[in-house]
Amino acid sequence: MSWEIRVTLTITLMTLPFAIYLAFRVSAALRTLKYFTKWLRISIALVPVIWYLLLPIYYGAMAISGSSQPLFIRENTLTTPDYLLLFPFWLSVIVILEAIPYFVSIDLINLVLRLTKKRDHVIWDKTQAAIKIVAIIFLLFYAGFRSYNDTYHVQSTHENIAIQNLPAGLQNLKVGFFADVQIDRYTQAKKLDQFKNILQSEKPDMLFFAGDLVTSGKKYTSQATELMSSLSAGKRIAVLGDHDYWSDPSRIPAELKKGGWIFLQNEHRLVEYAGDTLLVTGVTHIYSKKTNKARLRALLEAAPDVRMKILLVHQPAEFIAALAAEYGYQILLAGHTHGGGIVAHPWGIPVTPSRFETRYFSGFFTLEQLKIVVTNGIGNTLSPLRYHATAEVIILRL
């Protein structure tokens, strides 16, 4: 069973009870409003649930049958099943995650009012039913629009980084930073052209890449490394990502080096700029080749003694940030989290599985003198959609 099937079925098992709950509550709300026949009401409530289940049913059938037929997600281009099965499934997951807190809150209020008998039965029932229907319709449209924009629009995020005792030659140094390009059948010209145009227009003095150039296999390696070779800057520095290692751990570093990139794997590099020197430490920390505190401490203790130090790593693990701060690094650059990928906001609070891995899941953080920068990245992995995690290139000015 492929990892895509395994994870999708797991997500389905976790979200299905909530989908069924929403279907029952929508049906009950429609019954209260009395605008629909029984069968129309049932259809409106159940058809979205059935549609959401089509992808896991298809995956489950493929897994049970042991079919040798390749999954449609292995095709080179988007196909009909992508639009009929894949995108609707992930849009449904987003709507479920966003709708559940509000539906449960309304039902809890309803329960309290029933127990205390402090309600006008007719007025309250119609009001809460109307709120639920309006909410689900709004979330369907909002989630669709927002996920399309966050997935296919690449934004440039600008940030000034204040560094104490910054060497004079590094004042106003412009750094372009990105990660998780994830070139595959979903991340193609529509996004890659935006990504490239941002860097061409910004003209950064240095480029940093925190890994994950392709999503899987060797199909897109040539396209990816050609794109990277076409990006221009005074110095270009990269580290290894999870998917780079799973896809082609020797070819990707070799091709990037051939294209003029400095590729660091648990090593230091002194970089000269405008008469001053900065240190870049590239750390390999991915699922298949994790570092630990002892190895990282030994690496950082051996770092050349300069006034400006940057640590570049794929995964923004909290112990890495803590040691970077301890050893006087001013900036840590990382990716990996995709900004959370799909970030629900129940009552305005961001919720994403990435937060269980690290609190540094997106944006800018400060730990003592260390500035931590975690980019949302460009592409995707399992889900073809982003939600409240807009694809981005970060432009830093020291």
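Strands S9 (residues 331-334) and S11 run parallel, joined by four bridges. Strands here are DSSP runs (E, at least two residues), and helices are runs of H or I with at least four; both are numbered from the N terminus. Two strands pair if DSSP finds at least two bridges between them. This is a predicted model: local features need pLDDT of at least 70, side-chain atom pairs count only at pLDDT 80 or more, and totals for chains, interfaces and linings use all residues. Residues are numbered from 1 along each chain as its sequence is written, and side-chain values use heavy atoms, without hydrogens and water.

Stay with S11. Strand S10 (residues 363-367) is joined to S11 by five bridges, and these two run antiparallel. Now look at valine 374 in S11. Alanine 334 has valine 374 as its bridge partner. Glycine 363 has valine 374 as its bridge partner too. S10 and S11 form a hairpin with two residues between them. In that turn, glutamate 368 has a positive phi of about 55 degrees.

How covered is strand S11? Four of the five residues in S11 (370-374) are buried. Buried means under 20% relative accessible area, exposed means over 50%, and partly exposed lies in between (1.4 Å probe, protein chains only). In a regular strand the side chains alternate between the two faces of the sheet.

Next, find histidine 314. Histidine 314 sits in the loop between strand S8 (309-313) and helix H10 (318-326). Its relative accessible area is 0%, so histidine 314 counts as buried. The side chain of histidine 314 makes a polar contact with the side chain of aspartate 242, at 3.2 Å. A polar contact is a pair of N or O atoms within 3.5 Å; within protein, one must be able to donate a hydrogen and the other to accept it, and residues adjacent in sequence count only if both atoms are side-chain atoms.

Move to helix H3 (residues 80-116), the place of aspartate 107. Aspartate 107 is buried because its relative accessible area is 16%. Leaving aside neighbours within four places in sequence, aspartate 107 is in contact (heavy atoms within 4.5 Å) with Tyr21, Arg25 and Lys132.

Tryptophan 51 lies in helix H2. Tryptophan 51 has 40% relative accessibility, so this residue counts as partly exposed.
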